[in-house]
Amino acid sequence: RMAAAPPSYCFVAFPPCSKDGLVVFGKNSARPRDEVQEVVYFAAATHDPGSKVECTYIEIEQVPKTHAVVLSRPSWLWGAEMGANEHGVCVANEAVVTREPASESEALLGMDLVRLGLERGATARESLDVIVALLEEHGQGGNYYEDGSSCHAFQSAFLIVDRNEAWILETSGKYWAAEKITEGVKCICNQLSLTTKIDAEHPELRNYVKSQGWWNGDTDFNFSEVFSLADDHLACCSGRESLEKQGGDVSAQTMIGVLRDKDSGVCVDSESFLTTASIVSVLPQDPSFPCVHYFTGTPDPSRSIFKPFIFVDDVKLVPKVQSPSYGDDDPAKKIPRFQEKPDRRHELYKAHEWARSLLESDQDKGQKLMRIMLELEKQGLEAMEDILTRTEILDPAEVVDLFYDCVDTELKFFK
């Protein structure tokens, strides 16, 4: 049996389940325990005709214009586990196992497709179209982990969200199906979840599965049943109940609470995997309000704080949540890959490591520090709530240093 996919969780809540006309998105990224995630911003850019872009393993054609993006990503790869763009599109991926073995040959990773979808799509549907076109052209494959001793390859599922709608996109090789969501609460995890409600699909999908003998065409076409290995396409989502219990009140704060929940399994802390980073995004359905994206940039959301980011021109870069760059000397870029593992810890990660050891060694001091940190987070959430309920238009100068200042303050408390 293939290796288990890391148990990440992605959520979206739409009004009336969520507060005040806001779409709320969240993801816990479960990855190998010692992997570092960084938070990086790339400004919008124009590119010369014929230029290429170097993804994690392969080079592909660049497009004339890429949107500004903010990403949370394992710092050895090009793509991202999750992120957002300047147009209020959010994308997160899940590694999934299907009855079709994932390709070990190097192609696009699911994480590369997250970033490509954000850089090239101004709506959720556009991002979906970008991802499936690239899948058709280049395929998916290659090692999901920075591991020189064995290849861990998976298929991909995506949650793609904008101010108006969300798409759940599930793939196996280059074949795919997608469901559109405009209401209620949805959760995706590391198992296939699409059943018979399919709103878009690969044109050859049904012919392909018939040719494989996986479906005879006489019954309703159920994507998870056709593509899952065994009975692992059952309701996987422990976090969904906690969101549904909120009634019509899902907010950034409640989403953060769900992501912090270890008892439900949403916050992963196991022998092999850890929630190495988290994101919560709030997308007002009224386009005159800005979207707010909260990142931890550190592992274990129950011991991390969510810091807000808003897209504005000339947003201040935050080197303290960026991992050191090794350029062409990076063992992830040399063939054979991953022959050694460089130290990828950024400044915030190191400070957070110290704080975690304090929590473990000195309960009182640790608890006190955590209380201060949560108070700091609360102030950030309240300031953002104020921005999302005011009548006057946001002055970009007010938030240009927002994420920078939050990271800076967090570091000061740790010191």
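Analyst: Two strands are taken to pair if DSSP finds at least two bridges between them, and strands (E, at least two residues) and helices (H or I, at least four) are DSSP runs numbered from the N terminus. This is a predicted model, in which local features need pLDDT of at least 70 and side-chain atom pairs count only at pLDDT 80 or more, while totals for chains, interfaces and linings use all residues. Residues are numbered from 1 along each chain as its sequence is written, and side-chain values use heavy atoms, with hydrogens and water left out.

Strand β10 (residues 90-96) pairs with strand β11 (residues 155-161) in the antiparallel sense over 7 bridges, and within this pairing Leu159 of β11 is the bridge partner of Ala92. Both strands belong to an open sheet of 8 strands with antiparallel pairing, in the order β3-β8-β9-β10-β11-β12-β13-β15. The edges are held by β3 (37-42) and β15 (200-201), each of which has a single partner strand, so one side of each is left without a neighbour in the sheet.

At the β3 end, 6 bridges join β3 to β8 in an antiparallel arrangement, with Pro74 of β8 as the bridge partner of Gln37. On to β9, β8 is joined by 4 bridges, again antiparallel, and Asn85 of β9 is the bridge partner of Val69. Strand β8 is mostly covered, with 6 of its 6 residues buried (under 20% relative accessible area, with a 1.4 Å probe and protein chains only). Both of its faces are covered, by the same criterion: Val69, Leu71 and Arg73 are buried on one side, and Val70, Ser72 and Pro74 on the other.

Turning to the helices, α2 (residues 124-138) lies across β11, β12 (166-172), β13 (175-181) and β15, and runs at about 10° to β12; such angles run from 0 to 180 degrees between N-to-C directions, and axes are lines fitted to C-alpha atoms, for helices over the stretch in contact. Helices α1 and α2 pack at an angle of about 130°, with their axes 8 Å apart. They are therefore oblique to each other, a term for angles that are not under 35 degrees (roughly parallel), over 145 (roughly antiparallel) or 65 to 115 (roughly perpendicular). Their contact (heavy atoms within 4.5 Å) is made by Leu113, Leu116, Gly117, Leu118 and Arg120 of α1 and by Glu126, Ser127, Val130, Ile131, Leu134 and Leu135 of α2.

Terms used:
Buried < 20%, exposed > 50% of the residue type's maximum accessible area, 1.4 Å probe, protein only.
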